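Thanks for coming, everyone. Let me put the structure up on the screen, and then I'll walk you through a few spots in it.

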Amino acid sequence: MSSVLVLTIIIFIGTYGLIISEKIHRSIVAMSGSLLILFLGILNFKEAKEYIDLNTIGLLIGMMIIVGVAKKTGIFEYLAVQAVRWAKGRPVKILLALSVITAAISALMDNVTTVLLIVPVTISITQSLRLNPFPFLISEVLASNIGGTATLIGDPPNIMIGSAVPHLSYLDFAVNLGPVCVVILVVTAWLISLIYRKELVFNAELSRSFMQQAPNEQIKDYSLMKKCLLVFSIVVIAFLLHQFLHWESSIIALAGAFLLLMIAREDPEEILLTIEWPTIFFFIGLFILVGALEKVGVIHALAVGALDLTGGNLVSTALLILWLSAIVSSFLDNIPFVATMIPLIKTLGELGGISNLDPLWWSLALGACLGGNGTLIGASVNVIVAGIAEKNGIPISFMRFTKVGFPLMIISIIIATIYVYLRYLI
């Protein structure tokens, strides 16, 4: 084992340990670790830039700008009042409704955009009803990752698999991954409501007071709201068509953001301050750290070693890919891991004479996407929601998230294991 490899692993583990300890803000820790990687020459500047996923960064910034402008209209307060009125102020019904909505929207477009829209509504509801926001927020994080698993465009790993395997269409993803995601969503939402049943207490007086508010009175600027809805509609349509238009989601989001700034005549300095910059820098640091692991061969060695254990057997290979992807994706960014697994699965098919690799692709998609629910840094949406919550005075610690997210992730992978085995392997 080379000294560079050992040093990279030590830096990564040390950085990860500090993130878990939460004694220093995770953005500072991640950036410090990535800068140490650069100072020691493990990655040079050019290599570091290549490992930073600019599509993710651009998508985040673009949608944060759109949400920052939309907040000024009062539309999130309007949606909050409407949601509470529909649920008649019942916290459990509100939690279940928001979970289903989050999963559904995440299946139709990327889950990052979904949580940027849903979380402000959720915070408004919980503050008005004096409820603990954590059960609602973690439920939406889990639902978003589950919903994103169901379609080709819902989560980056699926987009990567779809690009690498041309015969797998949008419909193929929905038909093969949609049914199990519905089951997992129902089980997860039910377990969340069960875990936090003592905190989801109905307060008749507060609910009655909140529901007496007229939804239309929440809108502060109708003209700006119409402009926001127009731009957002264009962005959503472009997201749905982006595989045909061949436009990256980041380009769509940034184009929508600056179109809105142009037609709304908003002060760009004021709006840019609404961007969750700590979250952006956390992602940049994390991309570089995982990139270093990829360069020195840690991720590749992990994947190859695991696949060697199966001896080319389809059943054991599929299930190993499912579980390995889930565990690794809980602690590392799933994008480089999936990028490593794609050529390995293709090679395995060639060497092992496996003619139908589809069960392996579905196992990889389920493991990589659902595994993100395991820890706070397992998926993009987890970090984004934590950043928004923190800005609103609602800290979500690594351990607090993991205590709930990891067991529920394991349950979802058990369900996925049964599904993959019964549908594809017998």
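Let's start with a question: which residues does Ser207 touch, not counting residues up to four places away in sequence? With that exclusion, Ser207 touches Gly89, Leu129 and Phe202, where contact means heavy atoms within 4.5 Å.

Before I go on, a word on what you're looking at. This is a predicted model, where local features need pLDDT of at least 70 and side-chain atom pairs count only at pLDDT 80 or more, while totals for chains, interfaces and linings use all residues. Residues are numbered from 1 along each chain as its sequence is written, and side-chain values use heavy atoms, with hydrogens and water left out.

Back to Ser207. It lies in helix 11, residues 204-211; helices here are DSSP runs (H or I, at least four residues), numbered from the N terminus. Ser207 counts as buried, because its relative accessibility is 2%. The scale is this: buried means under 20% relative accessible area, exposed means over 50%, and partly exposed is in between, with a 1.4 Å probe and protein chains only. Pro91 is 116 residues from Ser207 in sequence, yet the C-alpha to C-alpha distance is 9.5 Å.

Tyr78 gives us another pair of that kind. It sits in helix 5, residues 75-87, and it is partly exposed, at 23% relative accessible area. Tyr78 and Glu217 are 139 residues apart along the chain, with their C-alpha atoms separated by 7.8 Å.

Now, the core. The largest nonpolar core has 142 residues, and those with the most contacts inside it are Ile161, Trp361 and Leu364. By nonpolar core I mean a set of buried Ala, Val, Leu, Ile, Met, Phe, Trp, Tyr and Cys residues joined through side-chain atoms within 4.5 Å. Helix 21, residues 398-425, gives the largest share of this core, twelve residues. If you click on Ile161 and skip residues up to four places away in sequence, it touches Leu168, Phe173, Val338, Ile342, Trp361, Leu364 and Ala365.

Helix 21 also has a packing partner. Its axis and that of helix 19, residues 358-370, are 10 Å apart, at an angle of about 170°. Axes are lines fitted to C-alpha atoms, for helices over the stretch in contact, and angles run from 0 to 180 degrees between N-to-C directions. Helix 19 and helix 21 are therefore roughly antiparallel to each other, the word we use for angles over 145 degrees. By class, their contact has ten nonpolar, three polar and no charged residues. Ala, Val, Leu, Ile, Met, Phe, Trp, Tyr, Cys and Pro count as nonpolar, Asp, Glu, Lys and Arg as charged, and the others, Gly among them, as polar.

Compare that with helix 7, residues 111-128, and helix 8, residues 134-149, whose axes come within 10 Å and cross at roughly 160°. So this pair is roughly antiparallel too. Here the contact has five nonpolar, six polar and one charged residues.

Last stop: the loop between helix 7 and helix 8, where we find Arg130. Its phi is near 50°, a positive value in a residue other than glycine. Most residues other than glycine have a negative phi. Arg130 counts as exposed, at 70% relative accessibility.

Arg265 also has a positive phi, near 55°. That one is in the loop between helix 13 (249-264) and helix 14 (268-272), and Arg265 is exposed, with a relative accessible area of 74%.

Notes:
Helices (H or I, at least four residues) and strands (E, at least two) are DSSP runs, numbered from the N terminus. Angles under 35 degrees count as roughly parallel, over 145 as roughly antiparallel, 65 to 115 as roughly perpendicular and the rest as oblique.
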